[in-house]
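I opened my notebook to look up charges, contacts and strands in this one. Here is what I jotted down, entry by entry.

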Amino acid sequence: MSKVLIWDIPLRVFHWMFAICISMSLVIAFGVDDDSAWFPYHMIFGLIAGCSLLLRVVIGLLGSDYSRFRGLFFSPWETARYMGQSLFGRARRYIGHNPGTATVALVMFGLIAGLVWSGLNMANGSSEDLHEALAYGMLVAVGAHMAGLMLHTVHHRENIALSMITGKKKVDSGVGLPSSQPVAGVFALLCCLLLSASIFRGYDPVASKLNIPG
């Protein structure tokens with residue numbers, strides 16, 4: 001078994017951008033009072049996470065082999081079998097996404113889209129209830145993702161979270177990527193930073209209003 005390059009830099013940029021923004025949004029939303037000066041920032045981080053999905057769409061369509069959308073879809077039977085076997089350390093290794101991480105990723109993408117939509121329509125009372133329900137759903141999804149990482153680490157004795165930093169995974173067999181796509185990675189990082197800066201710049205804490213770019 002050897003370590004090979006699986007995740008290119010653009011995907012790793014998206015992963016950490018999405019993870020940090022979701023984490024910050026949840027911590028602020030559930031950790032401070034509604035009337036706190038910090039509370040509106042959960043909206044900003046959530047909006048950045050939602051907008052970063054545009055980058056994931058580009059990666060899913062044009063990215064490296066293991067980052068494309070076709071690697072995120074598994075049959076219900078294969079997913080259920082993987083989930084059951086992973087509890088006892090008998091699940092087979094996948095070169096790219098496994099059915100567990102793929103399912104959680106798709107759920108998170110759907111949840112953040114719903115959170116952004118319901119957050120922007122908060123004037124509607126039903127949207128507020130939906131927003132809260134989706135936020136709790138995101139908490140569950142994050143917890144499931146962390147549990148999956150721990151199970152993999154324990155059963156396979158591999159710090160799988162490290163693969164989203166180095167881009168490399170242990171595989172029994174398979175061909176790694178020929179390049180980590182550094183140029184595309186720098187471009188993706190710059191896009192994320194510019195997007196974040198423009199959203200933060202559009203927030204007026206005095207008036208408690210956010211001008212969304214575009």
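**Entry 1: a buried pair**

I looked up R93 and E158 and found both of them buried (buried means under 20% relative accessible area, exposed over 50%, partly exposed in between, with a 1.4 Å probe and protein chains only). Their side chains form a salt bridge, 2.9 Å from N to O (a side-chain nitrogen of Lys or Arg within 4 Å of a carboxyl oxygen of Asp or Glu). This pair links distant parts of the chain, 65 residues apart: R93 sits in the loop between helix 4 and helix 5, and E158 in the loop between helix 6 (125–156) and helix 7 (163–166). Helices (H or I, at least four residues) and strands (E, at least two) are DSSP runs, numbered from the N terminus.

Before going on, I noted that this is a predicted model, where local features need pLDDT of at least 70, side-chain atom pairs count only at pLDDT 80 or more, and totals for chains, interfaces and linings use all residues. Residues are numbered from 1 along each chain as its sequence is written, and side-chain values use heavy atoms, with hydrogens and water left out.

**Entry 2: the other salt bridges**

How many salt bridges are there by this rule? I get 3.

One of them joins E78 and R92, with the closest N and O atoms 3.9 Å apart. E78 lies in helix 4 (residues 76–86) and R92 in the loop between helix 4 and helix 5 (99–120), so the pair ties together parts that are 14 residues apart in sequence. I have E78 down as buried, because its relative accessible area is 19%.

R70 also has a partner, D65, and there the closest N and O atoms are 3.5 Å apart. R70 counts as exposed at 56% relative accessibility, while D65, at 48%, counts as partly exposed.

**Entry 3: a negative patch**

Which residues form the negative surface patch? I listed D33, D34, D35, E128, D129 and E132. For such a patch, like charges are joined within 9 Å, and each residue has over 30% relative accessible area and no salt bridge. I checked D35: it is in the loop between helix 1 (9–31) and helix 2 (40–51), and it counts as exposed because its relative accessibility is 70%.

**Entry 4: the strands**

Strand 1 (residues 2–5) pairs with strand 2 in the antiparallel sense over 4 bridges (DSSP must find at least two bridges for a pair). K3 stands opposite K170 in strand 2.

I then followed the side chains along strand 2 (residues 168–171), which alternate.

Notes. Patch = residues over 30% accessible without salt bridge, like charges linked within 9 Å, V, L, I, M, F, W, Y side chains within 5 Å. Areas by Shrake-Rupley, 256 points an atom, 1.4 Å probe, with all protein chains shown as cover. Lys, Arg positive; Asp, Glu negative; His and termini not counted. Charge placed at Lys NZ, Arg CZ, Asp CG, Glu CD.
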